[in-house]
Amino acid sequence: MTRVKKIPQRMCVGCGEMRDKKALIRVVRTPEGEIRLDPTGKKSGRGAYVCANTECLTKSIKGKRLEKALRHSIDPELLDTLKAQLGEV
């Protein structure tokens, strides 16, 4: 009997779709209160997952879903930085 490894699933805060954890990008609020992208998915802090496209990030920002998920308000300059970083990934 072979064991099938379970692939972790997470929900995108932008579109609300369940996807494989590795297909999503994690946005994290560190214990110091900084908000940044976490490409490794291993940084400590409160995380929220977004699809790897700017459309989902924009949806999550407009609906304030990202702020709700991170339990922290986000500066507009920081949002522009996140969008730029997401374009690089």
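Analyst: Two strands pair if DSSP finds at least two bridges between them; helices (H or I, at least four residues) and strands (E, at least two) are themselves DSSP runs, numbered from the N terminus. The structure above is a predicted model, in which local features need pLDDT of at least 70 and side-chain atom pairs pLDDT 80 or more, while totals for chains, interfaces and linings use all residues. Residues are numbered from 1 along each chain as its sequence is written, and side-chain values use heavy atoms, leaving out hydrogens and water.

User: Over how many bridges do β3 and β5 pair?

Analyst: Let's look at two partners. L24 has C51 of β5 as its bridge partner, and V27 stands opposite A48 in β5. The two strands run in the antiparallel sense, and the count of bridges between β3 and β5 is six.

User: Why is β3 largely enclosed by the rest of the structure?

Analyst: A residue is buried when its relative accessible area is under 20%, exposed when over 50%, and partly exposed in between (1.4 Å probe, protein chains only). β3 has six residues, and it is largely enclosed because five of them are buried.

User: How much space lies in the largest pocket?

Analyst: A pocket is found on a 1 Å grid over the protein atoms alone: it is an open set of points where a 1.4 Å probe fits, with protein on both sides within 12 Å along at least five of seven lines, and lining residues have an atom within 4 Å of a point. Grid points are joined across faces, edges and corners, and the volume is the space filled by probe spheres set on the points. For the largest pocket, that comes to about 370 Å³.

User: Which residues lie closest to the centre of the largest pocket?

Analyst: The lining of this pocket is made up of 17 residues. Strand β3 (residues 24–29) gives the most to it, with three residues. The closest to the pocket's centre are P8, K21, K22, T40 and K42.

User: How far apart in space are P8 and D20?

Analyst: P8 is found in the segment before β1 (9–11). It counts as partly exposed, because its relative accessibility is 39%. Along the sequence P8 and D20 are 12 residues apart, and from C-alpha to C-alpha the distance is 6.0 Å.

User: Is P39 buried or exposed?

Analyst: You can find P39 in the loop between β4 and β5. Its C-alpha atom is separated by 9.8 Å from that of L86, which is 47 residues away along the chain. With a relative accessibility of 71%, P39 counts as exposed.

User: What is the phi of R71?

Analyst: R71 sits in the loop between α2 and α3 (76–88), and at 62% relative accessibility it counts as exposed. Most residues other than glycine have a negative phi. R71 is not a glycine, yet its phi is positive, at about 55 degrees.

User: How far apart in space are G47 and R71?

Analyst: G47 has its place in strand β5. Its relative accessibility is 29%, so G47 counts as partly exposed. G47 and R71 are 24 residues apart in sequence, and their C-alpha atoms are apart by 9.8 Å.

User: Where is K64?

Analyst: K64 is a residue other than glycine with a positive phi, near 55 degrees. Its place is in the loop between α1 (54–62) and α2 (65–70).
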